[in-house]
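Work through the exercises below with the model open. Try each task before reading its solution.

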Amino acid sequence: MPDWRFFRKVTGLLSVIIVTFATPAAELTDLYQATVPANQSQAMWQRQALQAVLLKLTGSTEVQSLPGLSDALKNSGQFVVQFQQVQQEGQSQLLVTLDGQKITQLLQSQQIPVWGPRRPDVLLWLTERPVETPQFVLSPDHPLRKALQTQATLFGLSIQFPLFDETDTTLVNEAASWGGDWVLLQQASARYQATEVYNLLFDQLTDASGLVQFRLTWQQLQDGAVQNNELINADAMVLAQQFCSALAKAQATRYAVRIAAPGAIAGSNSLQLTFDGVGSLTDLARLRQLFDAMLTVREHSLVQYSAGQAVLKLQLSASNEEFYRALSLVRELTPQPDTAAPDASVEQVAVAGTAAEPVISDAEAAMEAALGDGTAPVNDSAVVTTDATAANAPAPALPVGPALSGQNSVAAALQISTRYLFRRQ
């Protein structure tokens, strides 16, 4: 690996090509936490902690300047739940936990979209060209790679780098990466099941006056065409910040939601969804936990539970489109064809005069009642059909894997369904 100082003296380019795949997603566990320097006044570290959390919740570096939030920043201490002193790279820091409910209510009151904990997984192929021959950036300690990781953490982005092992390099080499062959990159990236894949190419640029600068040429595939964007800066670390800022802004635009007041989305804030593959009460509890964590869901209640299947009614706190966009990031759920969706009514659970028998016991029903919110009764009757095997078999899954349409994730159409296959991770 060449000395990083060398890149201060040679020409450069950072080129980005995006391709899109299925949509697994990471779930942030530190969304309402921030690490700030300890050697400053209490008012300062409290303000910095709130600013850091607002950055992750909105994806915007400008949100703190809005009038409704500038007042809150003057009294940041009201949002602090706890803090503790920690050491990072030999420096004394404070790990601060803030009140997520209060902050969410603040953003809701200002009608600022909130970006929840589910984040798209982003795979970064990083290649540099020190002189003439490009090479993959393999070391986690490479300054640019470290800068990208640091900035991604600040914005709440979920990024990863390829293993660059034999499997990867058999499919794509440095020349293909540098040349922007996104077809080969797509093939090599499929194993990582990332939501978005970027190809990052890095060297330097010397302008006509002899000034050495870094250049970021950002290419994005949209509707089969490559869109070009260019950034230039004398500091490569600034380019890492600009890239992550642009990525966060694009993702927040797609996935952040405006949380509506109760009853504000009249006529469109209720959905009933069927989930196959819910084979136990443990599965059912996990399924409901998924919706507990979704900002787009205000309430959920169990309509029906039978062996291998559950039906939930959801009261939304956002639009249907925002809900389905958020749902597309839930790893455990895969949209299914709606043709076999069951009728949850009690009157239709019997076939040919045969009464339906309970699938779960009274003890299990009591446990389910404890798991539920108590707002809706549980129909513990089985859905009986003339084909018992078909009744319990999950519907065939929709194709999952790399999308070959050439659209990026921002433009990709949503898969909207009322039936999902649940797979507990």
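Buried means under 20% relative accessible area, exposed over 50% and partly exposed in between, with a 1.4 Å probe and protein chains only. The model is predicted: local features need pLDDT of at least 70, side-chain atom pairs count only at pLDDT 80 or more, and totals for chains, interfaces and linings use all residues. Residues are numbered from 1 along each chain as its sequence is written, and side-chain values use heavy atoms, leaving out hydrogens and water.

**Exercise 1. The whole chain**

State what share of the residues is buried, and count the helices and strands.

Solution. 
- Start with burial. The chain has 425 residues, and 46% of them count as buried.
- Next, secondary structure. Helices (H or I, at least four residues) and strands (E, at least two) are DSSP runs, numbered from the N terminus. The chain has twelve helices and 17 strands.
- Then contacts, meaning heavy atoms within 4.5 Å. Take those between residues at least 6 apart in sequence: 76% join residues at least 24 apart.

**Exercise 2. Aromatic pairs**

Classify the pairs Tyr 198 with Phe 243 and Phe 202 with Phe 214.

Solution. 
- Set the rule. Rings of Phe, Tyr and Trp (its six-membered ring) pair if their centres lie within 6.5 Å; planes under 30 degrees apart are stacked, over 60 edge-to-face, the rest tilted. This rule gives nine aromatic pairs.
- Tyr 198 and Phe 243 are 5.5 Å apart centre to centre, with 85 degrees between the planes: edge-to-face. Tyr 198 is in strand S9 (residues 196–202) and Phe 243 in helix H8 (residues 236–255), so this pair ties together parts 45 residues apart in sequence. Both residues are buried.
- Phe 202 and Phe 214 have ring centres 4.9 Å apart and planes at 15 degrees, so they are stacked. Phe 202 is in strand S9 and Phe 214 in strand S11 (residues 212–222), twelve residues apart. Phe 202 is buried, at 1% relative accessible area. Phe 214 is buried at 1% relative accessibility.
- Trp 125, Phe 136 and Phe 164 form one aromatic cluster.
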